[in-house]
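Please look over the sequence and the model first, and then follow the text from one part to the next.

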Amino acid sequence: MEKDIVNIGKSVVIKGELNGSEDLTIEGHVEGTIQLKEHVLTIGPNGRIKAQVFAKSVIVLGEVTGNVTASDKVDIRDNGSVDGDIVSPRVAIAEGAHFRGSVDMQRKGAAATPEKGKPAAAAATPQQGQPAAGAPQRVGA
Amino acid sequence: MGLLDRLAPRKSDLDVRPPGSASGQADDPVFATKALPKFLQTLTSRELPVLLDLGPVVGSNVSFFGEQLGCKIFVEDIFADLDRHVRAGTLEEFPAFLKKRFPQANDEVDGILCWDLIDYLDRAAAQELATQLMRVLRPDGALLGFFGSAPAQDARYTKFIIVDEVNLKHRSYPAARGRQAILPNRDIIRLFSTLRVSDSFLLKNNLRETLFRKPA
């Protein structure tokens, strides 16, 4: 059976809340919150994320500014960059990767959901000339 | 210890690994460490320990501590901050910078990996750094510091890459300044005046490893 993987292309800019129930690759810009509870989020080499990220696994080849929570693994590859705090039971940071923040691998079960009452990193307001995304974006679901 | 031992490490202490090992850099020498296992021992009994790493981020070290201790690690690359100040010509502001550098609360951290950072600092900056580290370290917490015993010829920092509990790979990389004065033991003890020396080792590669504990 073919596995569904959705791509957000280079030219796409999303501001707001992004929810999904399948694996997702982002090559564009996302600001806000990204939630892929049971799935893999890949930030491609061209991806630029300013968001709180919650997923099963997160692979970073581009740039992430914001906190990253994964219930399984965070993998920052060569030339990938994360400015923010990571919560995950497993973390891999490649030699040429950039990381600034803290890594929480405490064995207490990382919850792949945002804490209630915590605002997203950016306001969910559309900008002129860019795709509106005030409401939650459901990717391929 | 013979004269040759003082000038150069013995081959048995300097184990160059084959290509493909650990981080894949065959030329990086691997040295034994006596203090790291003791540092780990102090933390294994802690539930959900918090570590503060003052060196550049080393992915395999983060994984190592995560797997060994299931801990939270703050990576605060003070070497990068120092480089930035040297290049900008603002070294006199570095002590004041260090005073505000650490967001951690008092007594928040269980273990500090200071590596050989103190060797690269001027006296005022070293004292401010020590003050901040003593502040954030929890009672009964541990601080691991390395101190050189011989002046270095070139401006290079060292990444200490954990191979296993008793071996560290030393990977040097370019720095904006070299080691400053070599501190005698009494000055190191004075620097961390509120901590007590738990263990101290002089290795055959001339590196002094000191494990400090904060009295409970």
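Which strands of chain B are included in what covers the buried residues of α2(B)? The model is a predicted one, and in it the cover over the buried residues of α2(B) includes β4 (109-115), β5 (137-147), β7 (167-174), β8 (196-202) and β9 (208-213) of chain B.

## The helix α2 of chain B

The buried residues in α2(B) are B:Ala35, B:Leu36 and B:Phe39. Because these residues cover an arc of only 100° around the axis, they lie on the same side of α2(B). On the face turned away from that buried side, α2(B) carries the exposed residues B:Pro37, B:Gln41 and B:Thr44.

## The two chains

Chain A has zero helices and 12 strands, whereas chain B has seven helices and nine strands. Of the 141 residues in chain A, 43% are buried, and of the 216 residues in chain B, 37% are buried.

The contacts within each chain can be described by how far apart the partners lie in sequence. Among the contacts in chain A between residues at least 6 apart in sequence, 26% join residues at least 24 apart; for chain B, among contacts between residues at least 6 apart, 69% join residues at least 24 apart.

## Where the chains meet

In the contact between the chains, 13 residues of chain B touch 14 residues of chain A. On the side of chain B that touches chain A, the elements giving two or more residues are α3 (59-69) and β3 (72-75) of chain B. Sorted by class, this side of chain B consists of seven nonpolar, five polar and one charged residues.

One of the residues concerned is A:Asp104, whose bridge partner in β3(B) is B:Lys72.

## The helix α3 of chain B

In α3(B), the buried residues are B:Gly59, B:Asn61, B:Val62, B:Phe65, B:Gly66 and B:Leu69. They are on the same side of α3(B) because the arc that they cover around the axis is only 165°. These buried residues pack against elements of both chains, namely β10 (90-93) and β11 of chain A, together with α2 (35-44), β2 (50-53), β3 and β6 (156-164) of chain B. Just after α3(B) comes B:Gly70, which takes a positive phi of about 55°.

## An open sheet in chain B

In chain B, three strands form an open sheet in the order β1-β7-β6, with antiparallel pairing. Both β1 (30-32) and β6 of chain B stand at the edges and have a single partner strand each, so one side of each is left without a neighbour in the sheet. On average, and with direction ignored, neighbouring strands of this sheet are turned by 35° against each other.

Between the antiparallel strands β6(B) and β7(B) there are eight bridges, and B:Arg156 stands opposite B:Pro174 in β7(B).

## The largest nonpolar core

The largest nonpolar core has 88 residues, and those with the most contacts inside this core are A:Val53, B:Cys114 and B:Leu144. Strand β5 (residues 48-60) of chain A gives the most to this core, contributing eight residues.

Which residues is A:Val53 in contact with, leaving aside its neighbours within four places in sequence? With those neighbours left aside, the contacts of A:Val53 are A:Ile34, A:Leu41, A:Val58, A:Val64, A:Gly66, A:Val68 and A:Thr69.

Definitions and conventions:
Residues numbered from 1 in each chain as written. Chains lettered and ligands numbered in written order. Predicted model: local features only at pLDDT ≥ 70, side-chain atom pairs only at ≥ 80, totals over all residues. Contact = placed C-beta atoms within 7 Å. Helix = DSSP H or I, 4+ residues; strand = E, 2+ residues; numbered from the N terminus. Nonpolar A, V, L, I, M, F, W, Y, C, P; charged D, E, K, R; others polar. Pairing = 2+ DSSP bridges. Buried ≥ 20, exposed ≤ 12 C-beta atoms within 10 Å, placed from the backbone. Arc of directions from axis to C-beta. Core = buried A, V, L, I, M, F, W, Y, C linked by C-beta atoms within 7 Å. Axes fitted to C-alpha atoms, helices over the stretch in contact; angles between N-to-C directions.
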